[in-house]
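Reader: Please show me how to read the features of a model like this one, one at a time.

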Amino acid sequence: MTARLAGLLPGELDEQQSEVYRAITAGPRAAGPQAFALVDEEGRLRGPFNAMLLSPPVGLAVQAVGAAVRYESVLTDRVREMAVLVVAAHWGSAFEWAAHEAVGRTHGLTEPELDALRAGGLPDLPDPAERAALLATAALTRTGALSDGEYAETVAAWGERGLFELTALVGYYALLALQLRVFAGEGPVDQADQADQAEHRDTPHTESGTP
C-alpha cells in the first residue's frame, strides 16, 4: 500500500497544527543528532507524526505521551527499546522497527538480541529485571493482560510506576503502529523481509529523532 495521507508543508499549517509541529520538531526528540529524520527534505512530518496534524488537540496529547514514555520513564534505555521492538515486531511495523533498532544499538542491544526480537521471540536475558519487563511486554502484546504472577514479578523488578509506564509504552507504540497502517499504508512486514533488510542496514547514529 502507498501512503493515503499527504504530508503538509510547514507553511500550510494552521496555528493549532503549527503547535503540534513545533512540539515534535523542537521538543526532546529533536535534541542532538538524529537517528531517524523527523521530517522529509521539505519539512513535512514523517511516519506517525504526520497523522497527528489531523486533530491538533489529540495529536498534541499523543505526542506528549510519547515524549514522556521516551524521556521521563524509570525504565532503562535498554528495556524501553527492547519493549518497543517487541511491539514493532508484533504489529509488523517497519517504521517503528527501523527507528528503534538503530536506537537499541546505541544502548547496547546485541545482534543476537535484535535477531530474537525481529523473529517475534525474546532474547536470552541474564538480567532478571530486564527479563521480567520483556516477559510482561510479550504478554501484554499477546493477550492484553498479565497473570497474577507476571504482575507480581514485574512490580518486584520495576515497581508499580514502572509497570504503569510499561503498559503506557505498549499502548502508545501499538497506537502508532495502527495509525501507520491506516494513514501511511504500512502493512504487516514479513519476517524474512525484515531479516533481509537487517543484512543491508546502514550504520546507525544516535537516538534522538525517534517516535
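Reader: What share of contacts between residues at least 6 apart in sequence join residues at least 24 apart?
Author: Contact means heavy atoms within 4.5 Å. In this protein, 74% of the contacts between residues at least 6 apart join residues at least 24 apart. The model is predicted: local features need pLDDT of at least 70 and side-chain atom pairs count only at pLDDT 80 or more, while totals for chains, interfaces and linings use all residues. Residues are numbered from 1 along each chain as its sequence is written, and side-chain values use heavy atoms, with hydrogens and water left out.

Reader: How many helices and strands are there?
Author: Helices (H or I, at least four residues) and strands (E, at least two) are DSSP runs, numbered from the N terminus. The protein has nine helices and zero strands.

Reader: Which residues does methionine 82 touch?
Author: Methionine 82 belongs to helix H4 (residues 77-91). Leaving out residues up to four places away in sequence, methionine 82 touches Leu109, Leu117, Pro123, Leu125, Glu130 and Leu134. Its C-alpha atom is 8.7 Å from that of glutamate 113, 31 residues apart along the chain.

Reader: Is methionine 82 buried or exposed?
Author: Buried means under 20% relative accessible area, exposed over 50%, and partly exposed in between (1.4 Å probe, protein chains only). Methionine 82 has a relative accessible area of 0%, so the residue is buried. Buried residues make up 45% of the 211 residues in the protein.

Reader: What does the side chain of glutamine 17 reach?
Author: A polar contact is a pair of N or O atoms within 3.5 Å; within protein, one must be able to donate a hydrogen and the other to accept it, and residues adjacent in sequence count only if both atoms are side-chain atoms. Glutamine 17, in helix H1 (residues 15-25), reaches the backbone oxygen of leucine 53 with its side chain at 3.2 Å. Glutamine 17 counts as buried because its relative accessibility is 13%.

Reader: How many aromatic pairs are there?
Author: Rings of Phe, Tyr and Trp (its six-membered ring) pair if their centres lie within 6.5 Å; planes under 30 degrees apart count as stacked, over 60 as edge-to-face and the rest as tilted. The count by this rule is one aromatic pair. Tyrosine 172 and tyrosine 173 have ring centres 4.8 Å apart and planes at 85 degrees, so the pair is edge-to-face. Tyrosine 172 is buried at 4% relative accessibility, and tyrosine 173 is buried at 0%.
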